[in-house]
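Thank you all for making the time this morning. I would like to walk you slowly through one structure, so please have the sequence and the view ready.

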4 protein chains.
Amino acid sequence: MSDEFREIAAGLAAVAKGFYGRGWLLGTSGNLSAVVQREPLRMAMSPSGVDKGELKPEQLLSIDENARIVSAHEGKPSDESLLHIRIVKDRGAGAVLHTHSVWNTILSDQHAGEGGVTIQGYEMLKGLQGVRTHEHTEFLPIIENSQDMPALAELVGTTLSKHPVAHGFLLRRHGLYSWGQTLAEAKRHIEILEFLLETIGRAMHIQGRRSD
Amino acid sequence: MSDEFREIAAGLAAVAKGFYGRGWLLGTSGNLSAVVQREPLRMAMSPSGVDKGELKPEQLLSIDENARIVSAHEGKPSDESLLHIRIVKDRGAGAVLHTHSVWNTILSDQHAGEGGVTIQGYEMLKGLQGVRTHEHTEFLPIIENSQDMPALAELVGTTLSKHPVAHGFLLRRHGLYSWGQTLAEAKRHIEILEFLLETIGRAMHIQGRRSD
Amino acid sequence: MSDEFREIAAGLAAVAKGFYGRGWLLGTSGNLSAVVQREPLRMAMSPSGVDKGELKPEQLLSIDENARIVSAHEGKPSDESLLHIRIVKDRGAGAVLHTHSVWNTILSDQHAGEGGVTIQGYEMLKGLQGVRTHEHTEFLPIIENSQDMPALAELVGTTLSKHPVAHGFLLRRHGLYSWGQTLAEAKRHIEILEFLLETIGRAMHIQGRRSD
Amino acid sequence: MSDEFREIAAGLAAVAKGFYGRGWLLGTSGNLSAVVQREPLRMAMSPSGVDKGELKPEQLLSIDENARIVSAHEGKPSDESLLHIRIVKDRGAGAVLHTHSVWNTILSDQHAGEGGVTIQGYEMLKGLQGVRTHEHTEFLPIIENSQDMPALAELVGTTLSKHPVAHGFLLRRHGLYSWGQTLAEAKRHIEILEFLLETIGRAMHIQGRRSD
């Protein structure tokens with residue numbers, strides 16, 4: 001394991017611990033990855049079925065562009081590795097994070113009929129890469145959930161090209177994906193989108209109430 | 001105290017501390033156990049009335065299949081030990097966890113008329129042992145609360161055989177029980193079920209609102 | 001400072017830190033005390049206006065039954081010391097804790113018209129000293145808030161004698177008081193009552209919703 | 001870097017870590033400052049775009065009254081430095097804190113039509129500097145959000161003189177500003193105002209419900 005891999009893995013483990021503490025990765029849910037090398041593609045990927053509050057850097061797996069393990073490591077990469085790889089390729093991302101929060105689960109279902117969640121007018125949006133004003137409109141597409149990972153990866157690819165400026169997407173009743181050039185940027189994006197989804201979810205109660 | 005007991009006890013204390021932090025074991029509520037040996041049955045059981053945020057491994061008690069203390073330890077095993085023992089026997093569980101969360105308390109009451117909570121269509125369900133798809137339907141039976149522990153243990157036994165694939169059950173206005181082959185699996189099941197109960201509880205507000 | 005005082009003060013500081021973490025003592029709100037000696041009365045009392053997340057054992061003040069400082073300490077005991085002393089005298093309490101949580105603030109206002117909050121049928125009630133069954137009915141009286149501390153202490157005394165089995169009371173739009181024979185018991189009572197007030201507050205939304 | 005600056009910077013970093021933990025500074029949002037020297041003005045200011053959970057004292061920047069860096073430090077001070085400077089000058093504040101919480105975001109939008117949030121009758125208000133009774137009425141003005149910082153700083157100045165006793169203000173769909181003579185006082189004010197905004201936001205659900 002190279003020093004670079006070790007450092008990336010330590011970063012992923014630290015993010016995992018923090019997000020687990022916030023309840024965004026309970027029950028071994030969610031997964032995290034970062035690019036180690038582009039050509040040929042090598043990624044550090046969280047293993048399947050591990051407790052994210054206890055994830056150790058040495059548990060991260062090195063995978064190639066087909067989600068095969070290329071390190072001497074034991075373990076099985078996350079089932080959703082194909083989605084991470086697709087995002088890395090289509091968006092040039094350096095890190096991909098996937099969380100299961102109560103609010104992203106609820107919103108991914110409530111807004112499924114509209115095909116996505118529209119977020120606009122919040123200062124927090126400015127923290128998304130390339131956004132310069134709170135007047136920005138972010139559309140988070142919602143993709144129907146599936147257990148067929150190659151098919152889902154294709155659907156993710158189609159969705160990403162249909163929404164070229166989206167900073168993330170939701171899998172229905174499943175969770176949130178976001179990414180960034182760096183792990184720090186991906187972490188920032190997840191925190192911002194989780195914050196905004198919770199804000200919209202909670203505001204929905206009160207707005208409903210006030211318009212009665 | 002054997003090394004094996006010590007290790008199991010340390011695992012239970014760590015889970016207790018984490019769950020206490022999340023507010024699932026406040027006020028000395030809840031209890032935790034794990035199997036140390038099957039024949040004759042020896043279990044590590046949390047003592048009655050202790051602060052779960054401060055639980056020390058050496059406070060765990062060794063009990064037999066009648067909930068009698070078999071170690072030289074002081075202390076009184078949890079009143080609900082008979083329920084743990086029943087679950088261990090009927091499900092072959094290696095660990096049993098019982099939490100009191102705000103959301104499990106609310107849902108156990110709201111759905112009492114239906115005899116249980118039906119959870120379906122969530123990706124999180126896949127974290128339950130043996131579940132392969134989010135299309136799974138989990139039915140969490142609700143059992144009327146009682147202070148008659150032998151009678152309640154019987155009722156738990158009846159409920160478990162009536163719902164052979166349930167991964168947990170609720171005691172009405174009391175709390176959640178879940179279990180697993182290992183402590184890690186039991187912890188995962190509790191986290192998943194708590195997450196899903198909170199999701200359903202919060203979604204109920206908004207869904208009601210939107211259908212007005 | 002005696003070893004006994006030091007130990008009691010360390011216990012109070014630890015509880016303060018934990019409750020601050022849960023958001024029950026924000027903004028220097030709330031206060032904590034414990035009896036060091038009965039005759040003449042000596043109590044360890046939190047000082048006025050300190051950050052409860054940073055409270056050090058050596059900041060605790062030793063006061064007498066008139067809330068006068070009897071140690072060489074600097075500082076000003078909490079304005080509400082007279083309420084603590086009244087509870088210690090009328091209930092024989094060994095420790096008194098007072099929290100400001102979002103849910104106790106809301107419930108203390110919503111139920112003011114009924115003179116208190118009635119809590120019944122929850123297993124959590126069994127953690128209150130002397131309660132043997134979830135069928136117990138706990139009535140938490142609500143006292144109108146005031147800045148006249150001697151008058152408020154009198155009103156607390158009247159309320160305690162009118163409700164001889166209450167384990168706590170609410171000051172309207174202000175906070176919760178509870179107590180115990182020991183600090184551990186007082187901490188347990190606060191955790192239980194905070195849990196139950198949150199449960200009732202959250203259930204109120206859904207119950208309203210379902211009865212539409 | 002002087003010892004005084006270092007101490008102030010350490011204080012700001014500690015507050016940042018605590019508020020980040022509560023979810024009030026997610027996604028590199030929010031900013032913190034404190035006065036190091038009045039004539040000429042020197043302030044310690046958090047840099048733009050850093051993770052507040054990881055903020056190190058040595059990352060704090062020393063700026064002058066025009067928000068120019070005067071230390072040898074690298075980095076870019078927060079875009080909102082002009083607002084901090086305005087508050088320091090107009091209120092004589094020693095520290096200024098700005099948080100993005102879910103509840104302050106929601107309330108800043110819900111009450112925009114009334115020009116501010118009125119908070120009255122809560123004991124927590126007594127923690128605001130100069131307030132002696134819960135009967136106090138605090139009016140938190142809401143200012144329309146903007147990316148034109150010099151213009152926004154002017155608007156903040158106008159708002160502060162129009163509301164000379166306000167302890168904070170909200171930027172619409174953006175966040176909360178508060179301040180104090182000392183960092184401890186500013187921290188206390190933020191905690192109190194965040195608590196009260198959450199209380200009002202949650203009570204709005206139930207009050208609506210009960211008046212149906």
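Let me begin with a term: a residue is called buried when its relative accessible area is under 20%, exposed when that area is over 50%, and partly exposed in between, using a 1.4 Å probe and protein chains only. What you see is a predicted model, in which local features need pLDDT of at least 70 and side-chain atom pairs count only at pLDDT 80 or more, while totals for chains, interfaces and linings use all residues. Residues are numbered from 1 along each chain as its sequence is written, chains are lettered from A and ligands numbered from 1 in the order in which they are written, and side-chain values use heavy atoms, with hydrogens and water left out.

With that term in hand, please look at H189(A), which is buried, with a relative accessible area of 2%. This histidine belongs to helix α5 of chain A, residues 183-210, where helices are DSSP runs of H or I with at least four residues, strands are runs of E with at least two, and both are numbered from the N terminus. If we set aside the neighbours within four places in sequence, H189(A) is in contact with G127(A), L128(A), Q129(A), H167(A), S178(A) and W179(A), contact meaning heavy atoms within 4.5 Å.

Now let us turn to how the chains are arranged.

How much area is buried between chain B and chain A? It is about 2500 Å², of which carbon and sulfur atoms give 53%, and by buried area I mean the accessible area, with a 1.4 Å probe, that two parts lose on being put together, summed over both. Chain B brings 26 residues to this contact and chain A brings 32. On the side of chain B that touches chain A, α5(B) gives the most, with 14 residues, and by class that side has 7 nonpolar, 7 polar and 12 charged residues. The classes are as follows: Ala, Val, Leu, Ile, Met, Phe, Trp, Tyr, Cys and Pro count as nonpolar, Asp, Glu, Lys and Arg as charged, and the others, Gly among them, as polar.

The next topic is charge pairing. A salt bridge here is a side-chain nitrogen of Lys or Arg within 4 Å of a carboxyl oxygen of Asp or Glu, and over all chains the structure holds 59 of them. Between chain B and chain A the count is 2, and there K187(B) pairs with D51(A), at 2.3 Å from N to O.

K187(B) also meets E191(B) in a salt bridge, at 3.0 Å from N to O. Why are these two separated by about one helical turn? It is because they sit 4 residues apart in helix α5 of chain B. E191(B) counts as buried at 1% relative accessibility, and K187(B) is buried as well, at 12%.

A salt bridge between other chains links K126(D) with D79(C), whose closest N and O atoms are 4.0 Å apart. K126(D) lies in the loop between β5 and β6 of chain D, and D79(C) in the loop between β3 and α2 of chain C, so the pair joins two chains. D79(C) is partly exposed, at 38% relative accessibility.

I will finish with some backbone details. Between E39(A) and P40(A) the peptide bond is cis, with omega about -5°, and P40(A) is found in the loop between β1 and β2 of chain A. A67(A), a residue other than glycine, has a positive phi near 70°; A67(A) lies in the loop between β3 and α2 of chain A and counts as buried at 17% relative accessibility.
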